[in-house]
Amino acid sequence: MQLLWREPWLKPLIDYDLDSESCGFCKGKFNGLSFVTSCEFCRIDIMHDKCANSHILKSHMSELETKIGKHKDKPLHDFQ
């Protein structure tokens, strides 16, 4: 099993800060309180956090495996 650590900070944004009202993956509207992120491997638009997981696993598995390999033996920080 491999676990991928997401950064622990949250940055509150307003939809006009993002210049987008919908997810770049599922095209669903952002509403209420939405956790969003972007893909570090391509320039797909802002997406729901769960959509980003699906997108990365589907479209960037080789890049993800390379990144995992590069960071596999690095020690964890105290907060991890």
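A residue counts here as buried when its relative accessible area is under 20%, as exposed when that value is over 50%, and as partly exposed in between (1.4 Å probe, protein chains only). The structure is a predicted model, in which local features need pLDDT of at least 70, side-chain atom pairs count only at pLDDT 80 or more, and totals for chains, interfaces and linings use all residues. Residues are numbered from 1 along each chain as its sequence is written, and side-chain values use heavy atoms, with hydrogens and water left out.

Starting with the overall layout, the protein has three helices and two strands, and they run in the order α-β-β-α-α along the sequence. Helices (H or I, at least four residues) and strands (E, at least two) are taken from DSSP runs and numbered from the N terminus. Of the protein's 80 residues, 20% are buried. The exposed surface comes to about 6900 Å², with carbon and sulfur atoms supplying 55% of it; accessible areas come from the Shrake-Rupley method with a 1.4 Å probe, and for residues only the protein chains shown count as cover. As for contacts (heavy atoms within 4.5 Å), 31% of those with a separation of 6 or more join residues 24 or more positions apart.

Spanning residues 49–59, it has Cys51, Ala52, His55 and Ile56 as its buried residues. These cover an arc of only 130° around the axis, so they sit on the same side of α2; the arc is that of the directions from the helix axis to the C-beta atoms. Over on the other side of α2, Lys50, Leu57 and Lys58 are exposed. The cover on the buried residues of α2 includes β1 (36–37), β2 (47–48) and α3 (61–71).

What about His55 itself? Histidine 55 belongs to helix α2 and counts as buried because its relative accessibility is 6%. Setting aside neighbours within four places in sequence, histidine 55 is in contact with Phe25, Cys39, Cys42, Ile44, Met47 and His60. Cysteine 26 lies in the loop between α1 and β1 and, at 41% relative accessibility, counts as partly exposed. With neighbours within four places left out, cysteine 26 is in contact with His48 and Cys51.

The largest nonpolar core takes in 11 residues: Leu18, Cys23, Phe30, Cys39, Ile46, Met47, Cys51, Ala52, Ile56, Leu64 and Ile68. Such a core is a set of buried Ala, Val, Leu, Ile, Met, Phe, Trp, Tyr and Cys residues joined through side-chain atoms within 4.5 Å. The elements giving two or more residues to this core are α2 and α3, and the largest share, three residues, comes from α2. One of the core residues, isoleucine 46, is found in the loop between β1 and β2. Beyond four places in sequence, isoleucine 46 touches Leu18, Ser22, Cys23, Gly24, Phe30, Val36, Thr37 and Ser38. Isoleucine 46 and cysteine 23 are 23 residues apart in sequence, yet 6.0 Å apart in space, C-alpha to C-alpha.

On the surface, phenylalanine 35 sits in the loop between α1 (15–18) and β1, and counts as exposed because its relative accessibility is 52%.
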